[in-house]
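Hello,

Here is the structure for your files.

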Amino acid sequence: MKTTNLLNQPISELNLSDEFKEMAKTNRFEMLSEMTEFTLLELQGMPLFNLRMVVEYVSFLTDNGLEGMVED
């Protein structure tokens with residue numbers, strides 16, 4: 001399934017901003033599937049995960065039909 005593959009691709013290879021990739025690296029996230037294990041509130045408590053990161057993360061998932069992977 002395409003969406004599952006997307007979650008398991010390296011974040012560094014996805015069409016995300018350099019800022020998002022830096023935040024992911026700082027928090028030791030290599031794939032989006034690792035991030036989906038946390039709620040948005042938990043993610044917002046992590047270094048560099050600011051409001052811009054929330055918007056980019058949610059928009060990317062939504063644009064790729066994965067909006068159900070995000071928990072408040």
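F38 is partly exposed, at 30% relative accessibility (buried means under 20% relative accessible area, exposed over 50%, partly exposed in between, with a 1.4 Å probe and protein chains only). This is a predicted model, in which local features need pLDDT of at least 70 and side-chain atom pairs count only at pLDDT 80 or more, while totals for chains, interfaces and linings use all residues. Residues are numbered from 1 along each chain as its sequence is written, and side-chain values use heavy atoms, with hydrogens and water left out.

There are 3 aromatic pairs in the structure (rings of Phe, Tyr and Trp, the last by its six-membered ring, with centres within 6.5 Å; planes under 30 degrees apart are stacked, over 60 edge-to-face, the rest tilted). One of them joins F38 to F29, edge-to-face, at 5.8 Å centre to centre and 65 degrees between the planes. F29 is buried at 9%.

F49 and Y57 also pair edge-to-face, at 6.1 Å and 80 degrees. F49 is buried at 3%, and Y57 is buried at 2%.

T36 lies in the loop between α3 (32-35) and α4 (40-44) (helices are DSSP runs of H or I, at least four residues, numbered from the N terminus). T36 is buried at 14%. Leaving aside residues up to four places away in sequence, T36 touches L7, Y57 and M69 (heavy atoms within 4.5 Å). The T36 side chain also reaches the backbone oxygen of S33 at 2.9 Å, a polar contact (N or O atoms within 3.5 Å, one able to donate a hydrogen and the other to accept it; residues adjacent in sequence count only if both atoms are side-chain atoms).

Regards

Terms used. Helices (H or I, at least four residues) and strands (E, at least two) are DSSP runs, numbered from the N terminus.
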